[in-house]
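User: Could you help me read a structure? I would like to go through it in short questions.

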Amino acid sequence: MPRKALGIAALIVVLALLPTVIHSDYILTLLDLAGIYAIAVMGLGILLGFAGQMSLAQAAFLGIGAYTSGWLTTHLGWSVWAAMPCAVLLSALVGLAVGYPCLRLSGHYLALATIGFGIITQLVLINWKDVTNGSDGMTGIPPPQFGPWALDTYGRYYYLVLAMVVLSAYVAWRIKTTRAGRALHAIRENEIAARATGIDATRYKIVAFVLAGAYAGLAGSLLAHDIKFISPDSYSFDQSVVFLVMLILGGSSSISGAIIGALLLTMLPEVLRPLKSSYIMVYGAAVIAMIVFMPQGLVGLFAALRARFEHRSPPADAAPAGLIGEAEANPA
Amino acid sequence: MTAANAAAPNAVAAVESGLLEIRGLMKRFGGVTAVNALDMTVRTGDVHALIGPNGSGKTTTLNVISGLYRADGGSVRFDGAQLAGRPAHEIARRGIARTFQNIRLFGELTVADNVMIGRHVRTRTGFVGALIPGGATAREERETREKARELLAFVGLEHAADAPARSLPYGDQRRVEIARALASEPRLLLLDEPAAGMNPAETDTLVALLRAIRERGTTLLLIEHDMNLVMSVSDTITVLNFGQHIAEGPPDAIARNPDVIAAYLGGTLDAA
Amino acid sequence: MHFDPVANMQLLVSGLAIGSIYALVALGFVLIYNAVGVVNFAQGEFVMFPAYIAASFLLPAVTVFGTVVHWQLPVLAVYLLVLVLMVVFGLLFNRIAYYPLRDRGWLPVVISTIGVSIFLRNAAQLTWGSQPLVIPSLFPVDTVAVGPLHIRPQDLLIIAVTAVLIAFQYLLFERTTLGKQMRATAQDRTTARLIGIRVGRIVAITFVYSALLGTISGLLVAPLFTVTKEMGGLIALKAFAASIVGGFGSIPGAIVGGLAIGVIETFGGFYLSSAYVDAIAFVILIAVLLVKPSGLFGERVAEKA
């Protein structure tokens, strides 16, 4: 493992040095955004990738974090550093409140119930004008202050985002590789066997919801203080779908996959600029193609390719499925 | 009701203490009574077999004991404590582990991970503990890994530790399930048709494994259709038919019991 | 707040009309779910897409890919054309979004139907622009007087067509070989295959039938709303909620659930809050899930673990 640890450390150093080379605000903006989305996607990864529980409301949780942070700083004049933990906490609490009734559900029903929750959240954001300022959105959200520096340029904000991505990835990785993470994976793979093995599946699933909410809350708060303007449109069902696609493109239970997926799909629209108006359509087609041809996501694809180069039998042949390919019994 | 059944409660009361004591257990599915007023006692240290024709309520009984089904009546006592109505994970924590007739592994995870997950009830690290590197977390993680390796060696699968569980051949998957169950250091191990689908060589290995598990002091309650296996490993056999207890006793007595012979000849004769 | 019996009757009629639309879309969900065990998240686009196509041929002038076209055709010809196109659409959908993934469990199929939904919504925007289209009603008047009531004839048409379709489906399922094969496939695909039913074909027919139910709902509802790329999404979500409220997998459940949500929503929007009218279906859904998870007619909602 030390080789891997060294590699990750080197990668972080390289990432930290990027703003000294890249002076384009445009690219830094995109990197900030990609990092923020990566955090939300990692949260979804804990819920769907680890625990196998579908959610199509991740953007709504992001919205709860963004509005909490925005409101506390603009209406109450709180410091960003005080508002951010509150955003995380509130999102996590809502995750608890949503997770609890949703435990009775799985599969499609859970997906639908989370969509319903997302729609209700968006209606609240639009209609609770006293707090959210309705469809006009909330403006003038302050940037965080770090000692004498205001993190008000995209280059400076980048460091905050990078630090939070590293922290989030670390937490997700520690959970994944210890007892709690194994319990979540066990629930995903076979809930009955997990229960018979002594895992309190109910409790673990709730915690997965809470963690997904907390990650989204952090991402939402970071987003609010990054672009300094929030409106209900950014937290729609479509955005939740984008997060889901990012996760699945990367490889659903892989942390690096979540980050790569977020990065690629944040950059992709820019690369596809010539297609601009039809971009999202291409995106929809890409989703179908990806699911059909690349069931394990990019990370699975890389692993298969590497295995082929090393003249081992590609793991894709032995275990073609991953979460996405798993043939859960149809309940029909 | 047969004479054997009517006599059972008194006979049981005479036995000093059962590890698992089932009294008057009922389980219905809609109009069908799958388990009907079952009495059964599993003694500490025994290998106890539960046999009977297909559909006689054996697996249902196991599912009720392990908490996957809720009983409609009666009691299940384990080491004196009432289990009926408790959730499955709590029953596992109290020391009952099991395997499944239609193997239920964590298929995408490695064999080693499957067995490490079996340690769940014997370990403590939670979500918060996970965040602290080193210390108790690292120690527990190391011990869990070590224990899993020991158990894989015990069932003869250490070479397969890093393979995805579902890539293993059928017989090996059954042994992974047994290793996972043993990882929780159960006092009672429930095995649902451990020899199903095994060839004779694999079955021989299984018999040796079951004896070794017993040597470790684990009590076994197993459902099995392979009568050679049942006769060779069991201390006590309980025979069910239509959800009812029709006979109980040591293998040689059961083999001669007219009710048992009638049940098997009248029902499906699937004893090998 | 006063409870005016005339207003309440009018609300009831419009509630039943929108509820009929939910019921038809919910039927589409349930039929596909029963046949293949997955929920089709593109069901809303089965409503939206035909409405756009119909609008292109019903209106005197429509902008398609930035050019104004004059494709106006007689109403019946348009309806026929749309139905034929949607048969092809249903077959393609089965072939592309479902068939390659049929052995991989529910999640890949759900994601691919979400992909289709994104694709179609944005294809619609690309084709017809973001300006909503308005389809004229078949009727020359907005409302007719029935005693003291003022009723929209379109509402009555929706209710009538839905009733006919439900009767048709009942006969199809109870009386025809095809219907019986569809039911057998829904109950147990393996056995259906064993007794010689060509399951793949039945599944394709189910997708087509479900697309046609969506098409009819789209054509019926379009004159009441405007045609936008978003028109199907919310209808489909509420229909899905309705089918769970009714008891998922149950055909009477889908119908009753759809009608109930339509009526409750219409009354709720009038008496309680018009801003939150779109939340009502989901509040009902969550309440039902908490109190009676199996729905009104269903056996169980939580999928078997």
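User: Which residues have the most contacts inside the largest nonpolar core?

Analyst: This is a predicted model, in which local features need pLDDT of at least 70 and side-chain atom pairs count only at pLDDT 80 or more, while totals for chains, interfaces and linings use all residues. Residues are numbered from 1 along each chain as its sequence is written, and chains are lettered from A and ligands numbered from 1 in the order in which they are written. The residues with the most contacts inside the largest nonpolar core are A:Ala38, A:Val41, A:Ala208, A:Ala219 and C:Ala241, and that core has 282 residues. Such a core is a set of buried Ala, Val, Leu, Ile, Met, Phe, Trp, Tyr and Cys residues joined through C-beta atoms within 7 Å; buried means that 20 or more other C-beta atoms lie within 10 Å of the residue's own, with C-beta atoms placed from the backbone.

User: Which helix gives the largest share of this core?

Analyst: Helix 1 (residues 5-36) of chain C does, with 18 residues. Helices are DSSP runs (H or I, at least four residues), numbered from the N terminus.

User: What is A:Val41 in contact with, leaving aside its neighbours within four places in sequence?

Analyst: Its partners are A:Phe243, A:Met246, A:Leu247, A:Ala258, A:Gly261 and A:Ala262. Contact means that the C-beta atoms of two residues, placed from the backbone, lie within 7 Å.

User: Now the chains. How many residues of chain A are in contact with chain C?

Analyst: There are 40 from chain A, in contact with 44 residues of chain C. Helix 5 of chain A gives the most to chain A's side, with 12 residues. By class, that side has 26 nonpolar, 10 polar and four charged residues. Here Ala, Val, Leu, Ile, Met, Phe, Trp, Tyr, Cys and Pro count as nonpolar, Asp, Glu, Lys and Arg as charged, and the others, Gly among them, as polar.

User: And how do helix 2 and helix 8 of chain C pack?

Analyst: Helix 2 (residues 45-58) and helix 8 (residues 199-221) of chain C pack at an angle of about 55 degrees, with their axes 7 Å apart. Axes are lines fitted to C-alpha atoms over the stretch in contact, and angles run from 0 to 180 degrees between N-to-C directions. The two helices are therefore oblique to each other; angles under 35 degrees count as roughly parallel, over 145 as roughly antiparallel, 65 to 115 as roughly perpendicular and the rest as oblique.

User: Which residue classes make up that contact?

Analyst: The contact of helix 2 of chain C with helix 8 of chain C has eight nonpolar, five polar and no charged residues.

How values were computed: Buried ≥ 20, exposed ≤ 12 C-beta atoms within 10 Å, placed from the backbone.
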